[in-house]
Amino acid sequence: MLTRMAATAHELALRYLLELSADIRGALLMDRRGDPVASAGLLPPEGLAGTGRRIVREVSGLASHGGETVEVDVFAGRGALFVLAEDAHVMVCTTNRSVNPGLIFYDMHAVLRDIERAAAAEERRETSHGQREAAGSGA
Amino acid sequence: MSRPRQRGRLGGYAEEVAAAMRRRRDVRRPRVRVRIDHGEARVLEEGSPEADRLLALAREMLHEPEETVGA
């Protein structure tokens, strides 16, 4: 479902997330295999895909079945990392330390829901377009 | 003011400063918290392999060098 949306739409969604919360420095969106889909804001310039993949692997290991919603927050020395794995996506955000985790996850959930909804709408549009074309060629 | 009383007051200040520093250190201590399927959040044990790996990944994402003991 992820690929049904243009990459720019995912990037726009992440940029919207950064606007939604001034505490979020950077955001990375991946699929459940850890393949990067979009990124925005301040993130490490090198090795981002590899680090993202390892984050997905770690977070997947925490869930017993693999399809559950997993929220992880890691407070390190000078900042915090938030990971949200839900349905087909894994979203990672970096923030400073003085944030309310509940609010960060709230914004992340909201944006992921929007992405999921937009992808579903795009899929429906493509399906109906395909059906129209099939009907047109058959006539 | 007598010297013993002065010393006592200085000792009090030193204790307050030490307590404030302890509180600050505790607040800044690394922490990894997990919540699955909107259940109750649990903090991973400090020093556990999962917590250490996630902390290392967080530091990579935050461009943060690993803290050395006593630094």
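Trainee: Which residues does A63(A) touch, not counting residues up to four places away in sequence?

Mentor: Start with the rule. Contact means heavy atoms within 4.5 Å. With residues up to four places away in sequence set aside, A63(A) touches E68(A), V70(A) and I36(B). Before going on, know what you are looking at. This is a predicted model, in which local features need pLDDT of at least 70 and side-chain atom pairs count only at pLDDT 80 or more, while totals for chains, interfaces and linings use all residues. Residues are numbered from 1 along each chain as its sequence is written, chains are lettered from A and ligands numbered from 1 in the order in which they are written, and side-chain values use heavy atoms, with hydrogens and water left out.

Trainee: Where is A63(A) placed among the helices and strands?

Mentor: Elements come from DSSP runs: helices are H or I with at least four residues, strands are E with at least two, and numbering goes from the N terminus. A63(A) is in the loop between α2 and β3 of chain A. Its C-alpha atom is 9.9 Å from that of A85(A), 22 residues away along the chain.

Trainee: What about T95(A), and what is it in contact with?

Mentor: T95(A) is in strand β5 of chain A, residues 89-95. Its relative accessibility is 0%, so T95(A) is buried. Beyond its neighbours within four places in sequence, its contacts are D23(A), I24(A), R25(A), G79(A), A80(A), F82(A) and I104(A), plus L62(B) from the other chain.

Trainee: Which residues does R33(A) bridge to?

Mentor: R33(A) pairs with D31(A) at 3.1 Å, N to O. R33(A) also pairs with D35(A), at 3.4 Å between the closest N and O atoms. D31(A) is buried at 12%, R33(A) is exposed at 63%, and D35(A) is partly exposed at 29%.

Trainee: Which residue does D73(A) meet in a salt bridge?

Mentor: R31(B), at 2.5 Å, N to O. This pair crosses between chains, from strand β3 of chain A (residues 70-75) to strand β1 of chain B (residues 31-36). D73(A) is buried at 3%, while R31(B) is partly exposed at 27%.

Trainee: How do I read the nonpolar core?

Mentor: In soluble globular proteins, nonpolar side chains tend to be buried together. A nonpolar core is a set of buried Ala, Val, Leu, Ile, Met, Phe, Trp, Tyr and Cys residues joined through side-chain atoms within 4.5 Å. The largest one has 28 residues; among those with the most contacts inside it are I55(A), V72(A), V74(A) and M61(B). At least two residues each come from β1, α2, β3, β4 and β5 of chain A, and from β1 and α2 of chain B. The largest share, 6 residues, comes from α2(B). A second, separate core has 22 residues, including L18(A) and F75(A).

Trainee: How much area is buried between chain B and chain A?

Mentor: Buried area is the accessible area (1.4 Å probe) that two parts lose on being put together, summed over both. Here that is about 2,600 Å², and carbon and sulfur atoms give 57% of it. L57(B), M61(B) and L62(B) supply 25% of what chain B buries against chain A, more than any other three residues. The contact takes 32 residues from chain A and 26 from chain B.

Trainee: How many salt bridges does the rule find across this interface?

Mentor: It finds 5. One of the salt bridges in the model joins E60(B) and R54(A), at 2.7 Å between the closest N and O atoms. On the side of chain B that touches chain A, α2(B) gives the most, with 9 residues.

Terms used. Buried means under 20% relative accessible area, exposed over 50%, partly exposed in between (1.4 Å probe, protein chains only). A salt bridge is a side-chain nitrogen of Lys or Arg within 4 Å of a carboxyl oxygen of Asp or Glu.
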